[in-house]
Amino acid sequence: MNRRYSDILLEEAELFKKETLVGAFRKAQQYAPDKIAFFSEYNTYTFQDLERMSNQLARAIAMIGIRPGDFVAVMSGRSVETLVGILGAWKAGCAYVFLDRDYPEKRNLECMKECGARLILTPQFIDDAIENMDSDEFEDRSTRESVAVVVYTSGTTSRPKGVLLTHRNILASISNFHELDIHSDDIYCCFANLMFVASVYDLSLCLCIGCTLTLMPKELRKSVLGIAEYYIKNKITVTFLPPHMAKKYQAYDAGTPLRVLICGSEPARNLEKHSYRIAHVYASSEACAIVSHYWIEGEQSSYPIGKPVSTIRSYIVDEEGYPVSDGETGELWISGPQITQGYLDEPVATAKHFCKNPFTVEPGYERIYKTGDLMSQDADGNLICHGRADGMVKVRGFRIELSAVETTILKYPGIEEVKCEVYKDHGGENILFGYYSSKSEISHAELRKFMGQSIPYYMIPTGLIRVEHFKRNVNGKIILHQFEIPAEIDDHKKCALLYY
């Protein structure tokens with residue numbers, strides 16, 4: 001074969017607008033049946049292997065009475081069985097929900113109950129199907145509007161909501177692969193937890209454009225040195241890392257085979273320019289993963305989130321829903337075929353965040369998702385994130401955006417991460433605290449003087465507290481409101497004396 005399959009897809013872009021995920025996978029499989037589709041430390045599997053095994057599993061699913069439109073749970077870890085489970089579920093016309101054994105059993109049971117999953121695909125069930133079922137082609141029972149997966153929002157501040165992603169949504173999302181400089185010759189390492197939308201993007205992308213996929217072993221996901229060694233050993237060319245891991249990785253990346261490092265889930269800070277390209281992405285479960293990206297060219301205390309991918313239309317609006325003037329800040333609304341159906345059994349939340357697009361009648365862009373994120377746009381058309389619309393608080397009678405304070409503190413030399421919290425004293429007055437991590441002690445007097453050069457006095461935290469590290473959820477995001485109210489909060493004067 002003289003041509004990469006991904007190059008052919010660029011000429012036949014309509015495939016993403018016509019096929020289901022099964023159909024797109026089968027096109028890639030037919031083009032290069034003997035190409036390695038997946039490898040682990042134990043074995044390798046070709047695209048033909050995955051086609052055969054998922055046919056067998058789909059038959060087993062259908063044989064026990066599971067119908068198109070039903071949900072099945074996949075509980076087979078970071079293994080080839082999970083890929084087979086997902087493909088088999090799709091071929092049977094089903095949607096899947098991934099369950100992580102490391103998650104609380106109660107939460108897994110709640111997820112199953114919420115989506116009405118009628119079957120758990122365990123390694124034993126999948127292996128039995130592979131051993132006993134016929135491997136002839138199984139007719140694809142899914143449609144483009146079939147729900148393919150339910151993923152749960154990260155739940156940093158509240159109970160996670162299940163987001164319904166269709167085949168159409170996922171295919172629209174991965175159709176932008178070339179904008180992130182990804183092609184079918186790449187060896188792609190999925191770092192993300194398989195419960196979240198980043199993994200849906202990674203797995204679907206590789207299955208449908210013909211990349212070779214591997215899943216970062218569970219035991220290495222928290223070891224930066226282990227990650228670096230894994231990339232070199234397995235010649236990984238594309239991967240995703242959350243910003244805090246990406247920054248640490250750069251101390252160990254000598255000899256890296258990476259071409260592209262995708263970085264997102266929270267704002268990236270101070271990433272150095274290296275031999276590989278670094279894409280700072282803004283993503284959303286409700287928009288089926290990547291919404292925009294920006295190519296990082298060197299160290300900065302903050303970066304834009306770039307321009308929307310081709311399948312997304314963006315609008316920055318004021319509180320009344322009208323477009324803001326150039327350069328002004330407002331809430332980001334987005335539309336396009338990536339916008340999902342909404343939330344599982346959450347009609348009120350769905351109606352709140354999803355609505356008819358008031359700006360266009362263009363087919364495919366009929367619906368809006370209100371992100372709740374504050375954005376502005378620079379002269380080059382790049383989106384700049386200013387935090388959450390619900391992150392506004394009133395301190396000393398002034399309305400402030402916590403992320404603006406955090407961004408200022410992050411610019412101080414030596415500070416690595418920051419979170420700001422607001423507490424009420426007994427008098428009902430809001431008191432602003434700034435928590436930060438650093439390798440060495442920081443002079444708070446110097447830090448306050450530094451902050452005072454760029455933000456007004458009322459935005460400078462009353463309390464500054466150094467912590468060893470920030471707690472994170474399973475998706476790698478900093479858990480909001482993770483700190484206890486300081487004991488001194490009940491005495492404003494004492495608090496000011498201790499921390500100011």
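**Figure 1. Val-405 in helix α13 of the predicted model.** Val-405 is buried, with a relative accessible area of 0%, in a model that is predicted. This valine belongs to helix α13, which covers residues 402–410. Setting aside residues up to four places away in sequence, Val-405 touches Ile-400, Cys-420, Leu-432, Met-451, Met-459 and Pro-461. The view also takes in Lys-419, which is 14 residues from Val-405 in sequence and 9.0 Å from Val-405 in space, as given by the C-alpha to C-alpha distance.

**Figure 2. The whole chain, as a setting for the close-up views.** The chain has 15 helices and 25 strands, and the C-alpha atoms fill a box of roughly 75 × 50 × 45 Å along the principal axes. A compact globule of 500 residues would have a radius of gyration near 23 Å, and the chain agrees with this because its own value is 24 Å. Of the 500 residues in the chain, 58% are buried. When contacts between residues at least 6 apart in sequence are considered, 63% of these join residues at least 24 apart. The accessible surface comes to about 22200 Å², and carbon and sulfur atoms account for 51% of this area. As for charge, the chain carries 55 positive and 66 negative side chains, with the centres of the two sets 2 Å apart.

**Figure 3. Helix α3 and its buried residues.** Helix α3, made up of residues 21–31, is mostly covered, since 8 of its 11 residues are buried.

**Figure 4. Asn-176 and Asp-181 in the loop between α8 and β8.** Asn-176 is found in the loop that runs from α8 (167–174) to β8 (187–190), and Asp-181 is found in the loop between these two elements as well. Asn-176 counts as buried because its relative accessibility is 5%, under the 20% limit. Apart from residues up to four places away in sequence, Asn-176 touches Val-309, Ser-310, Thr-311 and Gln-338. Asp-181, by contrast, is partly exposed, with a relative accessible area of 24%. The backbone at Asp-181 has a positive phi of about 60°, although this residue is not a glycine. Most residues other than glycine have a negative phi.

**Figure 5. Cys-288 in the loop between β12 and β13.** Cys-288 is found in the loop that links β12 (277–284) with β13 (289–296). Phi of Cys-288 is near 60°, a positive value in a residue other than glycine. With a relative accessibility of 3%, Cys-288 counts as buried.

Figure 6. Thr-212 has its place in strand β9, which spans residues 212–215, and is buried, with a relative accessible area of 10%. Leaving out residues up to four places away in sequence, the contacts of Thr-212 are with Lys-35, Ile-36, Ala-37, Phe-39, Asp-186, Ile-187 and Tyr-188.

Figure 7. The structure holds 15 aromatic pairs. One of them is formed by Trp-90 and Tyr-96, a tilted pair with 6.2 Å from centre to centre and 55° between the planes; Trp-90 is buried, and Tyr-96 is buried too. Phe-354 and Tyr-369 also form a tilted pair, with 5.1 Å from centre to centre and 35° between the planes. Phe-354 lies in strand β18 (residues 354–356) and Tyr-369 in strand β19 (residues 367–377), so this pair ties together parts that are 15 residues apart in sequence. Both Phe-354 and Tyr-369 are buried. Elsewhere in the chain, Tyr-231, Tyr-249 and Tyr-276 form one aromatic cluster.

Note on methods: Residues are numbered from 1 along each chain as its sequence is written. This is a predicted model: local features need pLDDT of at least 70, side-chain atom pairs count only at pLDDT 80 or more; totals for chains, interfaces and linings use all residues. Side-chain values use heavy atoms; hydrogens and water are left out. Helices (H or I, at least four residues) and strands (E, at least two) are DSSP runs, numbered from the N terminus. Buried means under 20% relative accessible area, exposed over 50%, partly exposed in between (1.4 Å probe, protein chains only). Contact means heavy atoms within 4.5 Å. The radius of gyration is taken over C-alpha atoms; the globule rule is 2.2 Å times the number of residues to the power 0.38. Accessible areas come from the Shrake-Rupley method with a 1.4 Å probe; for residues, only the protein chains shown count as cover. Lys and Arg count as positive and Asp and Glu as negative; His and the chain ends are not counted. The place of a charge is taken as NZ of Lys, CZ of Arg, CG of Asp or CD of Glu. Rings of Phe, Tyr and Trp (its six-membered ring) pair if their centres lie within 6.5 Å; planes under 30 degrees apart count as stacked, over 60 as edge-to-face and the rest as tilted.
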